[in-house]
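Dear colleague,

Please find below the structure that I am handing over to you.

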Amino acid sequence: MLATIRDVFSTGGPRSREDAIRKVGAALGYQRIGHRIRASLNRDIQTAVRRGILGNTAGQLSLLCRHIVQYEPDHLIAMLLAAMGGTWWTRDDAITAAARHLGFRRTGKKIQDAFRSAIRTALRRGLLERDGSQYIRRSRPR
């Protein structure tokens, strides 16, 4: 869903929430948008705003960052931690999960490099712990 929202907003400028709901619904193949679908799409748009995929300025929604390199490192770390939960992940799987969490469909070199840097920083800060060279998880509170 978030990847579809990112795709819809990758073209065109800012749009109203109502226009965004119609465009995302059309991209998902809905010909009509009833109150249940509207509520679901509205929640998905709110999620996109909370995760930093979309920005909401004066009621106009737009893509906040088109490319991974435009995100602040601290935001990438927060999204990585949110996507991981509390289980052990391989670094590659954690990168893929975090990229999907931000609405990216693919994990190319730039996305991998950005999240590898976020992983290294999170390990140094004690936000992640590792088991060997490949497995990481969120640090447990002490």
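The notes below go through the strands, the helices, the nonpolar core and the aromatic rings in turn. Please bear in mind throughout that this is a predicted model.

Three strands make up an open sheet, arranged in the order 1-3-2 with antiparallel pairing. Strand 1 (15–16) and strand 2 (54–57) each have a single partner strand and stand at the edges, so one side of each has no neighbour in the sheet. Strand 3 (residues 60–63) is joined to strand 1 by two bridges, and Arg15 has Leu61 as its bridge partner there. Between strand 2 and strand 3 there are four bridges, and these strands run antiparallel. Within that pairing, Thr57 is found opposite Gln60. The two strands form a hairpin with two residues between them, and Ala58 in the turn has a positive phi of about 55 degrees.

Helix 1 (residues 2–9) lies across strand 1, strand 2 and strand 3, and runs at about 100 degrees to strand 3. Helix 3 (residues 35–50) also packs on the sheet, where it touches strand 2 and strand 3, and its direction makes about 95 degrees with that of strand 2.

**A residue in helix 1**

Ile5 belongs to helix 1. Is Ile5 buried or exposed? Ile5 counts as buried because its relative accessible area is 0%, where the cut-off for buried is under 20%. Leaving aside residues up to four places away in sequence, Ile5 touches Val24, Asp44, Ile45, Ala48 and Leu54. The C-alpha atoms of Ile5 and Arg22 are separated by 11 Å, and the two residues are 17 residues apart along the chain.

Strand 5 (residues 128–131) and strand 6 (residues 135–138) run antiparallel and are joined by four bridges. Arg130 stands opposite Ile136 in strand 6. These strands also form a hairpin, with three residues between them, and Gly132 in the turn has a positive phi of about 75 degrees.

**Helix 5 and its surroundings**

Helix 5 (residues 91–101) has as its buried residues Arg91, Ala94, Ile95, Ala97, Ala98, Ala99 and His101. They pack against helix 1, helix 4 (73–84), strand 4 (89–90), helix 6 (109–125), strand 5 and strand 6. Just after helix 5 comes Gly103, with a positive phi of about 85 degrees.

**The nonpolar core**

In soluble globular proteins, nonpolar side chains tend to be buried together. Which residues of the largest nonpolar core touch the most other members? They are Ile68, Leu102 and Phe115, out of 39 residues in that core. Helix 1, helix 2 (17–27), helix 3, strand 3, helix 4, helix 5 and helix 6 each supply at least two residues of this core. Helix 4 gives the largest share, seven residues. Not counting residues up to four places away in sequence, Ile68 touches Leu76, Leu102, Phe104, Lys110, Ile111, Ala114 and Phe115.

**Aromatic rings**

A search of the whole structure finds zero aromatic pairs. Two arginines, however, lie over rings. Arg6 lies over the face of Phe104, at 4.0 Å from the ring centre.

With kind regards

How values were computed
Residues are numbered from 1 along each chain as its sequence is written. This is a predicted model: local features need pLDDT of at least 70, side-chain atom pairs count only at pLDDT 80 or more; totals for chains, interfaces and linings use all residues. Side-chain values use heavy atoms; hydrogens and water are left out. Two strands pair if DSSP finds at least two bridges between them. Contact means heavy atoms within 4.5 Å. Axes are lines fitted to C-alpha atoms, for helices over the stretch in contact, and angles run from 0 to 180 degrees between N-to-C directions. Buried means under 20% relative accessible area, exposed over 50%, partly exposed in between (1.4 Å probe, protein chains only). A nonpolar core is a set of buried Ala, Val, Leu, Ile, Met, Phe, Trp, Tyr and Cys residues joined through side-chain atoms within 4.5 Å. Rings of Phe, Tyr and Trp (its six-membered ring) pair if their centres lie within 6.5 Å; planes under 30 degrees apart count as stacked, over 60 as edge-to-face and the rest as tilted. A charge sits over a ring if NZ of Lys or CZ of Arg is within 6 Å of the ring centre and within 35 degrees of the ring normal.
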